[in-house]
Amino acid sequence: MTETEPYELRVDGVARKVATSGQGASLATVLRDSLDLPGTKIGCGTGRCGTCAVLLDDVLVASCTVLAADTAGCEVTTVAGLGTASAPGPVQRALVEAGAVQCGYCTPGMVVAITDLLARIPQPTEVEVRFALSGNLCRCTGYGRIIAAVLALAQEYA
Amino acid sequence: MTVVRATTVAEAVDALRELRGAVLVSGGTEVVVGLNEGTLEAPHLVTLRRIPELRGVRTEGVDIRLGALTTYAQLAAGTGGVPALTAMAPTVGSPASRNTGTLGGALGTGSGFGDAVTALLALEAEVEVEGAAGPRRVPVAQWLDRTGRDAGDLVTAVRVPSGTGSQHYLKAGERQAVFYAIASCALVVDVAARRVRCALGSVAVTAVRAREAEDLAAQELAWEGDRPVADADLCRRFGDLVAASLPEPPFALRASAAHRRHVAGVLATRALTRATAA
């Protein structure tokens, strides 16, 4: 029998200890509220909007549907691990350059999902981009510039 | 709350028995959402994803045995080589939820009428269960109607008979990604029996077999070797009979009963058309 608390996981390359994850809290909630990493957003809380996306041991997941206590010992990559405001990562830079951000609430999940896509498929077609981002809702942009940003970034690496 | 991170099936089954009200967590896509929304009360959780016995796919005799932790993403990539499951999996949820959601979870916590169970019903799959009295196998129909299910059961695998006939999965809903079905249709050609097996999802509280339409097809299909042959009229009558023979849909979520029934019939016609295409 293993009690839930406390436990350790690595977030963005840093070992973090979680003192408590309450009554079965999600990874998204623990990242935001316990580990002070508010970059990961919570939209729907049901795994359908994608803004809480993180990489869990290099696999794209909706962190609002992942039991935090079950990630003990795992490696988590959040949007905060993929660049900062002063030193944006390539995906973040591509989104800025394409004007692909409006309200920005979907952007953290988009950055993580795009990072996952390009790691798996470095030169995606537009259809592959749309399919890969089909779990990331954006209610502002109409997706056009987001998709253009991904294709432009892939082009840089071609 | 106690969270047991089980690493063996025996440990998980023991924990289920010892911790009153314990809930199993596989990928978390249903349980954690229930906890988020306060619709699920779980005094204890038993997590399964660290149990190697629940992973992996292998062939045993004529069966393909898919471990309970097989994800939708793995199925969509062709894992197991079961065409109905390969076609079903990419219609479920988002890419991220397909990475976490599992077959065992669909059976253990699922609503009974979702995508995976609909495909499994048409496949006449068996559910491998580890319970208080040891391991057993339950036909998926009895698992879905709960006559074959006991408290304390842990789904360890799903067994699907391998077949040579074509398999199809069609799903209609309000969008093309991250959507629940208004209706879905799984159709499996059983070459040995000279029949097709057809199951409908999201039209009743569990997935249902379309027995009357299956019988119609058995009487009227011609066969060219392993391929069934039907004209457009038979495919149409097959779908019409599917629609007419469905139980009254008990919910009007996302679509009226009449629309749901109509869509189910259209999907069944389309599935048989594909199964009989040259």
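User: How many Å² do chain A and chain B bury between them?

Analyst: Buried area is the accessible area (1.4 Å probe) that two parts lose on being put together, summed over both. Here chain A and chain B bury about 2,700 Å² between them, with 54% of it on carbon and sulfur atoms. Please keep in mind that this is a predicted model, where local features need pLDDT of at least 70, side-chain atom pairs count only at pLDDT 80 or more, and totals for chains, interfaces and linings use all residues. Residues are numbered from 1 along each chain as its sequence is written, chains are lettered from A and ligands numbered from 1 in the order in which they are written, and side-chain values use heavy atoms, with hydrogens and water left out.

User: How many residues of each chain are in contact?

Analyst: Contact means heavy atoms within 4.5 Å. By that rule, 32 residues of chain A touch 33 residues of chain B.

User: What polar links and salt bridges are counted between the two chains?

Analyst: A salt bridge is a side-chain nitrogen of Lys or Arg within 4 Å of a carboxyl oxygen of Asp or Glu. Between chain A and chain B there are 2 salt bridges. One of them joins Asp70(A) to Arg50(B), at 3.4 Å from N to O. A polar contact is a pair of N or O atoms within 3.5 Å; within protein, one must be able to donate a hydrogen and the other to accept it, and residues adjacent in sequence count only if both atoms are side-chain atoms. The two chains have 8 residue pairs in polar contact, both residues being at pLDDT 80 or more.

User: Which elements of chain A supply the side that touches chain B?

Analyst: Helices (H or I, at least four residues) and strands (E, at least two) are DSSP runs, numbered from the N terminus. Strand E4 (59-62) and helix H4 (126-132) of chain A each give at least two residues to that side. E4(A) has the largest share, 4 residues. To sort residues by class, Ala, Val, Leu, Ile, Met, Phe, Trp, Tyr, Cys and Pro count as nonpolar, Asp, Glu, Lys and Arg as charged, and the others, Gly among them, as polar. The side of chain A that touches chain B then has 16 nonpolar, 13 polar and 3 charged residues.

User: In what order do the 5 strands of the open sheet in chain A stand?

Analyst: Two strands pair if DSSP finds at least two bridges between them. In chain A the order is E2-E1-E5-E3-E4, with mixed pairing. Strand E2 (14-18) and E4 of chain A are the edge strands, each pairing on one side only. Strand E1 (residues 7-11) of chain A runs antiparallel to E2(A), and 5 bridges join them. Within that pairing, Val11(A) has Val14(A) as its bridge partner.

User: How does helix H1 of chain A lie relative to E1(A)?

Analyst: Axes are lines fitted to C-alpha atoms, for helices over the stretch in contact, and angles run from 0 to 180 degrees between N-to-C directions. Helix H1 (residues 27-34) of chain A runs at about 85° to E1(A), lying across E1, E2, strand E3 (53-56) and strand E5 (75-77) of chain A.

User: Why is one side of E9 and of E12 in chain B left without a neighbour in the sheet?

Analyst: Chain B has an open antiparallel sheet of 4 strands in the order E9-E10-E11-E12. Strand E9 (167-173) and strand E12 (208-209) of chain B stand at the edges with a single partner strand each, so one side of each has no neighbour in the sheet. Strand E10 (residues 181-190) and strand E11 (residues 195-201) of chain B pair in the antiparallel sense over 7 bridges.
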